[in-house]
Amino acid sequence: MARELLLVGGGHSHVEVLRRFALAPEPDVRLTLISRDRFTPYSGMLPGYLAGHYAFDDVHIDLVPLAEAAGARFLRDSVDGLDLAAQRVIPHDHSPLTYDRLSLNIGASPQLTSVPGAAEHATPLKPIDGLNARWLALLERLQQRPVRKTIMMVGGGAGGVEVLLAMQQRLQHLCRERGVPDGLLRFCLVTRGPRPLATHNARVQRHFSRLLTRRGVALHSDAEVVSVDADQLHTADGRTLAYNELLWATQAGAAAWLADTGLALDGAGFIRVDDHLASISHPHVFAAGDIASMVNYRREKAGVHAVRQGPALADNLRASLHDRPLARYRPQRRHLALISTGDRYAVASRGPWSWSGDWVWRWKDRIDRRFMARYRPPLTAP
Ligand SMILES: Cc1cc2nc3c(=O)[nH]c(=O)nc-3n(C[C@H](O)[C@H](O)[C@H](O)COP(=O)(O)OP(=O)(O)OC[C@H]3O[C@@H](n4cnc5c(N)ncnc54)[C@H](O)[C@@H]3O)c2cc1C
């Protein structure tokens, strides 16, 4: 009897699992991928897409040919429940599916529900198709009739800063092309702490503070947003900030439905996994990427971890399906972050180090393009 391996979510780890199963198939394993979206955006290139440096296809992994290469069945659906006792997954639009081994790589999304009004009025950076639809509509509107607009980003992490700078670059270019004064557009960044990029070193923080000033981005720091109305938001210290477009890039949270599954979760609702990326409560369930919380290591939620977990996850899923011993995965303590500024320029940040320049952007571009090429059939080893 073939064993059932069910992959939920087409995130950065599962694309590597699919690639590895395509390169070395398991004859006795039936592989199924269920993912809400057909196209997985590669987060490292997303700001470059918004800035107009890349086309849609450059920055998205198409799960259909990848699943096909791996001999996997692909169901485009959202999972919103698990029946762990019966080893079943409950998708939204399909009948429940049973598994022998289950792996979850469903990512995380900015939490909007904790701030009244944010869910109604703000656009989260994830899911990215929602952001993209809103972005294309905004581009279209501005192309037809340029009007005065304030574009506000809540969240001063790398994702928020990169996306705001990328949007600014693209929109100002659009204004110049049409002979419209680019002063019509205002850009604001709202951060809870004193400076943006709080998890990076002081040099990187200073670099971006200066850059934001030079680019005319209004920085509202120490601003804890407590409520959002249709065209303004309010902060804990009494500030009211007006906006036309509101983007939300705060701390990522876990899918709420996980709380009802019986899986062991951490305080923020992420799945607690051991060094094998297996759930500490249900060893036949694995998790990787943002949704996983490694009990022995505290790490920032970042795509690099999801990518690096991919090979280990693939090996351990294979081993587990054959009841063989699993290998330990140890995440790196520090990782290199390459933060782009929208104008083919980037800042590299690792621990206390930083470098910047257009060469950093070209370096990032090469790494990113090489990464994307790995997931376009025909696939090649390793
Ligand atoms: C603008 C931006 C820029 C970023 N830049 C960087 C960067 O340069 N470097 C870096 O390390 N990190 C970066 N990040 C963070 C990075 O995006 C995440 O850490 C990374 O995407 C996590 O990968 P993942 O594989 O866990 O999940 P994701 O890439 O989010 O993939 C989740 C997948 O699961 C699917 N899914 C979700 N819910 C369900 C469900 N219920 N049922 C079925 N399928 C589901 C989705 O459709 C998707 O296919 C950035 C984030 C943003 C928003």
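1. Let's start with the ligand. In this predicted model, 31 residues surround the ligand, and the closest are His12, Asp37, Val79, Asp290 and Gly303.

2. A word on the ground rules. Residues are numbered from 1 along each chain as its sequence is written, and side-chain values use heavy atoms, with hydrogens and water left out. Because the model is predicted, local features need pLDDT of at least 70 and side-chain atom pairs count only at pLDDT 80 or more, while totals for chains, interfaces and linings use all residues.

3. Asp290 places a backbone N or O atom 2.8 Å from an oxygen atom of the ligand. For Lys126 the side chain takes part, with an N or O atom 2.9 Å from a ligand oxygen. Val304 uses a backbone N or O atom, at 3.0 Å from an oxygen of the ligand. How much of the ligand's accessible area does the protein cover? On its own the ligand has 1000 Å² of accessible area, and the protein covers 87% of that. Such areas come from the Shrake-Rupley method with a 1.4 Å probe; for residues, only the protein chains shown count as cover.

4. Which elements give two or more residues to the shell around the ligand? They are strand S2 (29–35), helix H7 (158–177) and helix H9 (303–321). Helices (H or I, at least four residues) and strands (E, at least two) are DSSP runs, numbered from the N terminus. The shell also draws at least three residues from each of domain 1 (3–108 + 254–332) and domain 2 (118–248). The domain bounds come from an automatic or database domain assignment.

5. Buried means under 20% relative accessible area, exposed over 50%, and partly exposed in between (1.4 Å probe, protein chains only).

6. With a relative accessible area of 25%, Arg170 is partly exposed. Although Arg170 and Asp343 are 173 residues apart in sequence, their C-alpha atoms are 9.0 Å apart in space. Compare the pair Ser293 and Val180: 113 residues apart in sequence, and 48 Å from C-alpha to C-alpha.

7. The peptide bond from Lys126 to Pro127 is cis, with omega near -5 degrees. Pro127 sits in the loop between strand S11 (123–124) and helix H6 (128–144). Another cis peptide bond joins Pro377 and Pro378, with omega about 0 degrees, and Pro378 belongs to the segment after helix H10 (358–373).

8. Two residues have a backbone angle worth checking. Gln87 is not a glycine, yet has a positive phi of about 50 degrees; Gln87 lies in the loop between strand S6 (79–83) and strand S7 (88–91). Arg344, likewise not a glycine, has phi near 55 degrees and is found in the loop between strand S23 (337–340) and strand S24 (346–350).

9. Finally, two side chains reach the backbone. Thr261 is in the loop between strand S19 (252–253) and strand S20 (271–273). A polar atom of the Thr261 side chain lies 2.6 Å from the backbone oxygen of Leu258, and the side chain of Thr261 reaches the backbone nitrogen of Leu263 at 3.2 Å. His60, in strand S4 (residues 60–62), has a polar side-chain atom 2.8 Å from the backbone oxygen of Phe56.

Methods:
Near = heavy atom within 4 Å. Polar contact = N/O pair within 3.5 Å; in protein donor to acceptor, adjacent residues only side chain to side chain.
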